[in-house]
Amino acid sequence: MSSTPPLASVLFVCVHNAGRSQMAAGFLNHLAGDRIEVRSAGSIPGNQVNPAAVEAMKELGVDISDQKPKILTTEAVQASDYVITMGCGDACPIFPGKHYLDWALEDPAGKGVESVRPIRDEIRTRIEALIAEIDAKREA
């Protein structure tokens, strides 16, 4: 891989860091490679990544089975250019100079893979748009 620094750093945050944020991080890693630094965290992390989310991602060739929910830290926010929240409410610290996006996505917690697929597909669409936006800013 190249030794050039990443174009941007993105942090995905949801409550449990077990579904939406893990799928988003998985897609961004898969689609952007090392061009974009990726983090994910939760305000109240769960015990494990949602098995239905892992299965839904595996169907598209993206393996997130080795991921573990992580606690949201101030340092992770400070180190990120983009902070994308997915229903973490007031738990997300705000710092000037960051790009904050709030993605209203259904929570896949407790749902089977059939119900997780549409959420996964919506996340992929948003990730593709995010990559295009980051690339466009780089070229500007």
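The structure, a predicted model, holds one aromatic pair. Local features need pLDDT of at least 70 and side-chain atom pairs count only at pLDDT 80 or more, while totals for chains, interfaces and linings use all residues. Residues are numbered from 1 along each chain as its sequence is written, and side-chain values use heavy atoms, with hydrogens and water left out.

Me: How is the aromatic pair of F12 and W103 classed, and why?
Reply: A pair of aromatic rings is described by the distance of the centres and the angle of the planes. Rings of Phe, Tyr and Trp (its six-membered ring) pair if their centres lie within 6.5 Å; planes under 30 degrees apart are stacked, over 60 edge-to-face, the rest tilted. The centres of F12 and W103 are 6.0 Å apart and the planes stand at 50°, so this pair is tilted.

Me: Which parts of the chain does the pair link?
Reply: Distant ones: F12 is in strand β1 and W103 in the loop between β4 (99-102) and α4 (113-139), 91 residues apart. Helices (H or I, at least four residues) and strands (E, at least two) are DSSP runs, numbered from the N terminus.

Me: Is N17 buried or exposed?
Reply: Buried means under 20% relative accessible area, exposed over 50%, partly exposed in between (1.4 Å probe, protein chains only). N17 has 0% relative accessibility and therefore counts as buried. N17 is in the loop between β1 (8-14) and α1 (20-32).

Me: With which side chain does the side chain of S80 make a polar contact?
Reply: That of R39, at 3.2 Å. A polar contact is a pair of N or O atoms within 3.5 Å; within protein, one must be able to donate a hydrogen and the other to accept it, and residues adjacent in sequence count only if both atoms are side-chain atoms.
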